[in-house]
Amino acid sequence: LLNQEKWEFIKDKYKTIDLIISVDAATAETYQKLCGGNFSKLMDHLKMIADLHRQGKIRNWSLNYVVQRDNFKEMHDFVELGHSLDVNATSFLKMNNWGNLTHEDYLKKCLVIDEKYLDRELWQVLKDPIFKNPIVDLHAFERYMHLLNYLYEDK
C-alpha cells in the first residue's frame, strides 16, 4: 500500500523509517490467489521502496513470506526477489490459524505437521543452498530442521 503519494505524506514525519512488508508470493499468479492483489502494482511499489532504501531514506526494510502449501515452491524465487530489491531480510514465517480458516482448511494449507516437523516437500525446498544466504531468516523453521535431517535424509 505504500505508494509515492503515501510516501510524500510520511517521509518527513519520522526520524528513521523501517519497513516490514508481507508479500507471501514470488509470482503474479500466486499473489493473486493468496492476496487478491495486482502483482505488477506491488512490484512498482517495492521498486520505489528499494530506491528510497538505496538513497538512505529508509533505514531497513524486509519482506515477509508466510509459508503454506500454495506458495512454498516459490521460496527460492522470493529470496532472489529480495536480492533484486536490496532488502535487509527475507523472513519466512510459519503459517498460523488466526481464526480466518476452518481447522480443516488450515490443515490442508499448513506444512507443519502436528507442530512437530515439516512436510517432506518443504524440507526438500529448504535444503537449497540459497537459504544459507545472509538475508534469509528461517528462524521459524530452525527447530524442525535437525529432526528432519534425521527423519528424511536416508529415505
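Ile49 touches Leu2, Leu19, Ile21, Ile58 and Trp61, leaving out residues up to four places away in sequence; a contact here means heavy atoms within 4.5 Å. The structure is a predicted model, in which local features need pLDDT of at least 70, side-chain atom pairs count only at pLDDT 80 or more, and totals for chains, interfaces and linings use all residues. Residues are numbered from 1 along each chain as its sequence is written, and side-chain values use heavy atoms, with hydrogens and water left out.

Ile49 sits in helix α3 (residues 39–54). Helices (H or I, at least four residues) and strands (E, at least two) are DSSP runs, numbered from the N terminus. With a relative accessibility of 1%, Ile49 counts as buried; buried means under 20% relative accessible area, exposed over 50%, and partly exposed in between (1.4 Å probe, protein chains only). Ile49 and Leu1 are 48 residues apart in sequence, and their C-alpha atoms lie 11 Å apart in space.

The helix around Ile49 can be described in turn. Helix α3 has 16 residues and reaches 22 Å from its first C-alpha to its last, close to the 22 Å expected at 1.5 Å a residue; the expected span is 1.5 Å times one less than the number of residues. Among the buried residues of α3 are Phe39, Leu42, Leu46, Ile49 and His53. An α-helix has 3.6 residues a turn, so residues three or four places apart point the same way. The buried residues of α3 pack against α1 (4–10), β1 (18–22), α2 (28–35), β2 (60–67) and α4 (75–84). At the N-terminal end, Asn38 caps α3, with a side-chain oxygen 3.0 Å from the backbone nitrogen of Ser40. After α3 comes Gly56, whose phi is positive, near 85°.

Thr90 belongs to strand β3 (residues 89–94) and is buried, with a relative accessible area of 0%. Beyond its neighbours within four places in sequence, Thr90 is in contact with Leu63, Phe78, Val79, Gly82, Ile135, Val136 and Asp137.

Turning to the whole fold, the protein chain has 7 helices and 6 strands, which run α-β-α-α-β-α-β-α-β-β-α-β-α from the N terminus on. Along its principal axes, the C-alpha trace spans about 55 × 35 × 25 Å. Of the 155 residues of the protein chain, 42% count as buried. Among contacts between residues at least 6 apart in sequence, 69% join residues at least 24 apart.

Definitions and conventions:
A polar contact is a pair of N or O atoms within 3.5 Å; within protein, one must be able to donate a hydrogen and the other to accept it, and residues adjacent in sequence count only if both atoms are side-chain atoms.
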